[in-house]
Amino acid sequence: MYDIERFYRAKDVSDAVRALEADPDAMLISGGTDVLIQTREGKLAGCSLVSINQLPELTGIRTEEDGTIVIGGAATFSDITNNKALQSRIPILCWAVDQVGSPQIRNVGTIGGNVSNGVTSADSASSLFALNAVVELTGPGGVRRLPIADYYAGPGKTVRQHSEILTAIRIARADYENYGGHYIKYGKREAMEIATLGCAVCVKLTEDKRRVDDLRVAFGVAAPIPMRCHETESKAKGMALDADLLDAVSQGVLAEVKPRDSWRASRAFRLQLVSELSRRALSRAITFAGGEIHA
């Protein structure tokens, strides 16, 4: 049973913003994979919904003249996974969103909704952190952009204002070109599972492919919100591609993460995952960047 008091299908983004302004209790809905479940369970009983589902201005994926990749907030996970440009330029994100739920969920669930839920377990989030993604919000005052790290305000919370819509996620050319990346999700089963821990690594190598030029290590479920390990990243710059690098990263991240105990996993187990997954993800990312770990 879906107890919905009002439902309004917006004609475009401006119309959706006006509808949200007119109804302080209204909620946005696009794919509905979370909102409709909560409505059916009674958590959002009597809700008022403003639909932005399939608005053309929100579903596109394009590359701007300067190489910036722009992913519409209502682009589905399947849209991202199957996009040829994204497959060639940022395959880490295609792989990450392909870990979400089932094929049915991926066909309707959107990246904007995944990020805007504010949950640390979102499969897209840690990869977007590693890609230095920028979130674009459109509201009554116009458009504002902010780094994705500044979008999260706490567990299940973002800084999006009631009348704002996440219209796009932007990734600059300098943040993906010449980088190799890999995302690893750990769950108790291989499908239809919320991440117990997620680790995303992007690495750029020096021209001779023998040292780290830049490194980004991001985690989901290793803290109340998705996070980066900036100290470890800084220390890894310039290091040779060998076992010492893997050890330094897999041990360094342990000092930066803040996992907790939950019914899904203990803090101790998550720390073990943090160390092991960062090692594995870094090794694969180096391979994708054209390098090789030397003994």
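With 295 residues, what radius of gyration would a compact globule have, and what value does the protein chain have?

Modeller: Happy to! This is a predicted model, so local features need pLDDT of at least 70 and side-chain atom pairs count only at pLDDT 80 or more, while totals for chains, interfaces and linings use all residues. Residues are numbered from 1 along each chain as its sequence is written, and side-chain values use heavy atoms, leaving out hydrogens and water.

A compact globule of 295 residues would have a radius of gyration near 19 Å, and the protein chain agrees because its value is 19 Å. That radius is taken over C-alpha atoms, and the globule rule is 2.2 Å times the number of residues to the power 0.38. Along the principal axes, the C-alpha atoms fill a box of roughly 65 × 45 × 30 Å. The protein chain holds 12 helices and 14 strands, which are DSSP runs numbered from the N terminus (helices H or I, at least four residues; strands E, at least two).

Of the 295 residues, 51% are buried; buried means under 20% relative accessible area, exposed over 50%, and partly exposed in between, with a 1.4 Å probe and protein chains only. Looking at contacts (heavy atoms within 4.5 Å) between residues at least 6 apart in sequence, 63% join residues at least 24 apart.

Now to your helix. Helix α1 spans residues 13–22, and its buried residues are V13, D15, A16, V17, A19 and L20.

R106 sits in helix α7 (residues 103–108) and counts as buried because its relative accessibility is 13%. Its side chain reaches the backbone oxygen of V100 at 2.8 Å. Beyond residues up to four places away in sequence, R106 touches T76, F77, S78, V97, D98, V100 and G101.

Most residues other than glycine have a negative phi. N132, in the loop between α9 (123–130) and β6, has a positive phi, near 55°. N178, in the loop between β10 and β11, has a positive phi near 70°. N132 counts as partly exposed because its relative accessibility is 30%, whereas N178 is exposed because its relative accessible area is 57%.

Last stop: Y186 belongs to strand β11 (residues 179–186) and is partly exposed because its relative accessibility is 30%. Leaving out residues up to four places away in sequence, Y186 touches A195, T196, L197, F269, L273 and L277.

Technical notes. A polar contact is a pair of N or O atoms within 3.5 Å; within protein, one must be able to donate a hydrogen and the other to accept it, and residues adjacent in sequence count only if both atoms are side-chain atoms.
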